[in-house]
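Work through the exercises below with the structure open. Try each task before reading its solution.

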Amino acid sequence: MKTRSAGGTMTLPRTYYTSALIYAQEQERIFGERWLCIGRSDALSKPGAYTLHDLLDESIIVLRDHDGILRAFYNVCRHRGTQICTAATGQLSHTLQCPYHAWTYALDGALVGAPQMAGVPGFDKVDYGLHPVAVAEWEGFLFVNLAADPQPFTDAYAALLDKFPAWRLPELQVVERIVYEVAANWKLIFQNYNECYHCPTLHPVLNQLTPYTGAWNDLEEGPILGGPMVLSAESMTMSGRVCATPFADLSDEERGLVFYYTIFPTLFLSLHPDYVLVHRCEPLAPNATRIICEWLFHPDAVAKPGFDPSDAVEFWNMTNKQDWHICELSQRGVQSRAYTPGPYSDLESVLAAFDREYLRALAV
């Protein structure tokens, strides 16, 4: 295992967790510029299927056109700005139509119908297609990027693109979802996930399954951080046993590990021998975050008689609540005038790396 060091780095100052101005800067410079995971792509398996997503006070339509191409657009009609789609999901025929004046768009975003506009001087339908949004699909996950000129997804995710073939991620299905509202800044939640220095105190059950000294990181700098942790049981469940058939392509070494990665700025990916756990963070305010937690299993395991994911769901729901509670206590503490930055432990080396990436992204 590699020796870890935080290099004497101190925690971030109070204002980064409390300032409305910094929160607004984060929305534009980080969440408005980076690739954001918006969920799984199985809802878009059929041509014409669409989903709506609210990001940074924007409504985004994500759809699969009839050539199988994934597309995304701002949900804004080019006539008078009316939102076109209102249902969270739907199935389109061959067009999208604004409910106000019936301007109609092909699934590639081109304007194909504009009643009573033919005689308007200078009007050309070619000039009034829907405004596109960058969209990508990776291992069954959907991502969008609101930047005008986004970094290519394959560059941003280069460290992960071919990293997890044994888990067959594109084939997995969500079997359980829990949504949490946490009264804490999103960065406190990222930082908490990125270290197990707190595990003996806060997570006695987890610490029995994965002793906190048995972790190391294979990605230690940049937007994607994390690595494996040694399992002293079969899997991360209340019983310590697998709750589904382990992934068949895992090596013996991989079956004895759990892998934890944070993908800046919204996604946590946890890969176990028998299931995959995903957390998605949605900042709501300087002191509030929504977290969508999903448990993914292979369909072959789900189809087996007696399949029951509750052992894993109960374990992580317990662990999540312990983490969210301590993050809320941290938020209350860093809001105090008495709070000043403290030194990171060497076991928190990835937190120092997260802070560096965060400050680079914020352009401070």
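Two strands count as paired if DSSP finds at least two bridges between them. The model is predicted.

**Exercise 1. Strand 15 and its partners**

Task: Find which strands pair with strand 15, and in what sense.

Solution: 
- Step 1. Locate strand 15 at residues 276–285.
- Step 2. Take strand 16, residues 288–297. Nine bridges link strand 15 and strand 16, and the pairing is antiparallel.
- Step 3. Two residues separate strand 15 and strand 16, and the two strands form a hairpin.
- Step 4. Turn to strand 14, residues 267–271. Strand 14 runs antiparallel to strand 15, with five bridges between them. Leu271 sits opposite Val276 of strand 15.
- Step 5. Here too the link is a hairpin, with four residues joining strand 14 to strand 15.

**Exercise 2. Cover on strand 15**

Task: Explain why strand 15 is described as largely enclosed.

Solution: 
- Step 1. Apply the cut-off: a residue is buried when its relative accessible area is under 20%.
- Step 2. Count along the strand. Of the 10 residues in strand 15, seven are buried, so the rest of the structure largely encloses this strand.

**Exercise 3. A strand covered on both faces**

Task: Decide how many residues of strand 10 are buried, and which residues lie on each side.

Solution: 
- Step 1. Strand 10 covers residues 141–145. Five of its five residues are buried.
- Step 2. Find the neighbours. Strand 1, residues 36–40, is antiparallel to strand 10 and is joined to it by four bridges. Strand 9, residues 134–138, is also antiparallel to strand 10, with five bridges.
- Step 3. Follow Val144 of strand 10. Val144 is the bridge partner of Leu36. Val144 is also the bridge partner of Val135.
- Step 4. Inspect the turn. The hairpin of strand 9 and strand 10 has two residues between the strands, and Glu139 takes a positive phi near 50° there.

**Exercise 4. A glutamine in a helix**

Task: Is Gln27 buried or exposed, and what does Gln27 touch?

Solution: 
- Step 1. Gln27 belongs to helix 2, residues 20–31.
- Step 2. Read the accessibility. Gln27 has 15% relative accessibility, so Gln27 counts as buried.
- Step 3. List the contacts, leaving out residues up to four places away in sequence. Gln27 touches Gly32, Leu56 and Pro283.
- Step 4. Pro283 falls within strand 15, residues 276–285.

**Exercise 5. The whole chain**

Task: What do the radius of gyration, burial, contacts and charges of the protein chain come to?

Solution: 
- Step 1. Start with secondary structure: the chain holds 10 helices and 16 strands.
- Step 2. Compare the radius of gyration with the globule rule. For 364 residues a compact globule would be near 21 Å, and the chain has 22 Å, which agrees.
- Step 3. The C-alpha atoms fill a box of roughly 75 × 55 × 30 Å along the principal axes.
- Step 4. Buried residues account for 52% of the 364 residues.
- Step 5. Finish with charge. There are 26 positive and 42 negative charges, and their mean positions are 4 Å apart.

Methods. Residues numbered from 1 in each chain as written. Predicted model: local features only at pLDDT ≥ 70, side-chain atom pairs only at ≥ 80, totals over all residues. Heavy atoms only, no water. Rg over C-alpha atoms; globule rule 2.2 N^0.38 Å. Buried < 20%, exposed > 50% of the residue type's maximum accessible area, 1.4 Å probe, protein only. Lys, Arg positive; Asp, Glu negative; His and termini not counted. Charge placed at Lys NZ, Arg CZ, Asp CG, Glu CD. Contact = heavy atoms within 4.5 Å.
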